[in-house]
Structure formats: C-alpha cells, structure tokens
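Please examine the structure below.

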Amino acid sequence: MATLAPAGPGEAASAALDELSLNFTYGASGAGNGSLSGAWYRRNQIHLFGVLLAILGNLVISISLNIQKYSHLQLAQQEHPRPYFKSVLWWGGVLLMAVGETGNFAAYGFAPVTLIAPLGCVSVTGSAIISVMFLKDNLRASDLLGMTLAFAGTYLLVNFAPNITQAISARTVQYYFVGWQFLIYVILEILIFCILLYFYKRKGMKHMVILLTLVALLASLTVISVKAVSGMITFSMTDKMQLTYPIFYIMFIIMIASCVFQVKFLNQATKLYNTTRVVPVNHIFFTISAIIAGIIFYQEFLGAAFLTVFVYLFGCFLSFLGVFLVTRNREKEHLQQSYIDFGNIPGKQMLDKIQPDSNSLSYGTLPDGSDSINSQSGEKKEV
C-alpha cells in the first residue's frame, strides 16, 4: 500500500494561497468559497444575518446620535431653553439608540465576536455621513478618505473573519468558562485593572490612555458575556431551553455590571478630553480587547491560516485609520471666535477687535488704551 509523503513548506504555502484566492472568487462554479458564490452564501448565512443586524444596529445608533445632537442645537437656540430630557426629540433619539444596541446584542448570537466587534466603525462613519447630509456639517477630504478606508476594512473583515459556526449552549459556556486559557486571561486582566485603578484613584492619574484601558478591560468581559447571553437565548429559541442554567444568570450579571462601570469610565474620559480624541482611541481599544476575548474564550481563530489572519488584521487597521480620519479635528471647526467685533454697531467707529486677556482682571484690551481713555475723559468734561 502506498504511503502519502508529508506536505512540505512549499505545499503548505501553496494551500494557504489557494485558500486566500478563493475568498476573492466571484460567482465561481462548483464548491468554491468565493464571496459571491452560492456555496459561500449557504455556509455563511447565519454569519451574514449577524453582520446585517450589526450594520443596521450601528446605522440606527448613528441616526440616534444625530437626532440627539439636533435636539441640543434646537434647545440652544431658544430664548429660555428647557432641559434636554424634556425634549420629545431627544427621547426619540434615546429610543432609537436602544433599538440599535438591541440589534448589536442580537448580532453576537449569530456571528463570531471577531466579526461583529470591528463593525463599530460603521456607526462612526455613518454618523459623519448623516451629519453632513442633514446637519450641514462640512465635508472634508479626510472624511471621504476615512469613509473609503473604513468601508474597505469592513469588506476585508467580513470576508476573512473566522468561518466557524458555534451553537452557544449553557454547557458550551461552562466549558469555556473553566478553561485554563480563560482563567489565565481573567487573572492577568484583574491584575492590570487593579494596577490601573490604583494609579487612577490613589495617584490621581487621569490620563486618557489609563481611562480607556480600563474601559477596554471591562469591554472584553462585556463582549464575552453578551455573546454568551445572546447565544443562549438564540439556542433556547431554536433548540432547547437554556435559561434554567445558573451560568446564564452569572453571565447576565457580568454583562450588566461591566456595562455600568464601562460607561462610568467612558463618561469620565469624555469630560476630561475632546470627543475627537476619545472616539477613535476607544474604538481601537474596544475592538482589540473584543478580538482578544473572542480568540481566548471562544477560540475563534483556532486552525485559521496565517494569510487569512493577516488580511483580517489589515482590515482592522484600515477601519481604525478610517475612524481616525473621520473624527480628526472635527470639533475644532465648531469653535466660536474668541473676540468681539464692534464694527457693526451703528454710530461707533471700529477701533479693532477686542481680544480677551486671560492674564488680567479685565475682559479685553483696546489697541491704544491711552487714546481711548483720554477721549472718554474729554467727552465727560464737555458734558
């Protein structure tokens, strides 16, 4: 009987290239796994449904953020502005945000974490598009470049994310929960979290990286618990009831607690730093922590080819760069002028623009204070 010789490095590299090329095959006949082939769709129907839920959820979140922004602008133009929480429009935005987050929550039950988490860039780019169309914000060249890079990165992420289909049952979650990989990961995460919390609370170090790292560490637990809860609910609806297992409620408590503290640290970061700096860094940190959590807890890249992982990471890099370009220097365009122009006041001669002087008790200084004072004293004597 003939024996098969082991495959050499050249044959392994050739097989990896064949697998990579199949991901770019469109409409190929046979059993190819091209992006638009029938076999690829049949094998990835559940994943595509999760991707669709995540994209729609992020788009709804973008609409909700712009609605809330529009309500704040309307209230600011009123003579006697009322609190924003009394605005029907603002509450409509909150309701849409809840719908979008529900879509994201459900998406984790149908697709891997490493596929859903990076799609948060859709929310940032979608918000920029909506603000340009409806709120008349300026469309910059960096916005177009950033959107293009984000869409290209999203395409690579969808095509090269791990192609695994897991039925998330209570027993599966229990098995992963007591695995040595996750136990080591949790111990390291708790140590890092305690060290950063010590510097934040005791030493008063409130650097943006420290705050957003705390958010990312909590976000990894949030992603793990969200996928577990969503997966068990989906499994209960399609197969067998899983809500009677204690692990479901343990994951539910972890999800709620991690979300609450995550929002707390994120709000602290937005108070201390500009949103244009917080949004891209938080997106990068959250995505990296979610990918690591998916790899360690759910073992989503187990057996994946090197080139597939490389293209996937390159897609993440493109989406990160796109988010950075879209949010870069956006708030600076809305800063008001720091001077008062008296040139349009009837009957007054325009002397100059009064520039606020932060080093003195007076609000501003005139270009020639002595002349203006003398003229004012002369007018008083004449009177």
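Predicted model: local features only at pLDDT ≥ 70, side-chain atom pairs only at ≥ 80, totals over all residues.

Residues are numbered from 1 along each chain as its sequence is written, and side-chain values use heavy atoms, with hydrogens and water left out.

Me: Which helix gives the most to the lining of the largest pocket?
Reply: Lining residues have an atom within 4 Å of a point of the pocket, an open set of points on a 1 Å grid over the protein atoms alone where a 1.4 Å probe fits, with protein on both sides within 12 Å along at least five of seven lines. Helices are DSSP runs (H or I, at least four residues) numbered from the N terminus. Several supply at least two lining residues each, including helix 4 (88-107) and helix 11 (246-272). With 9 residues, the most is given by helix 3.

Me: Which residues lie nearest the centre of the largest pocket?
Reply: The lining comprises 50 residues. Nearest the centre lie I61, L65, M97, S123 and L266.

Me: Is T125 buried or exposed?
Reply: T125 lies in helix 6. Buried means under 20% relative accessible area and exposed over 50%, with partly exposed in between (1.4 Å probe, protein chains only). Because its relative accessibility is 2%, T125 counts as buried.

Me: Which residues is T125 in contact with, leaving aside its neighbours within four places in sequence?
Reply: Contact means heavy atoms within 4.5 Å. On that criterion, the partners of T125 beyond those neighbours are M147, A150, F151 and V326.
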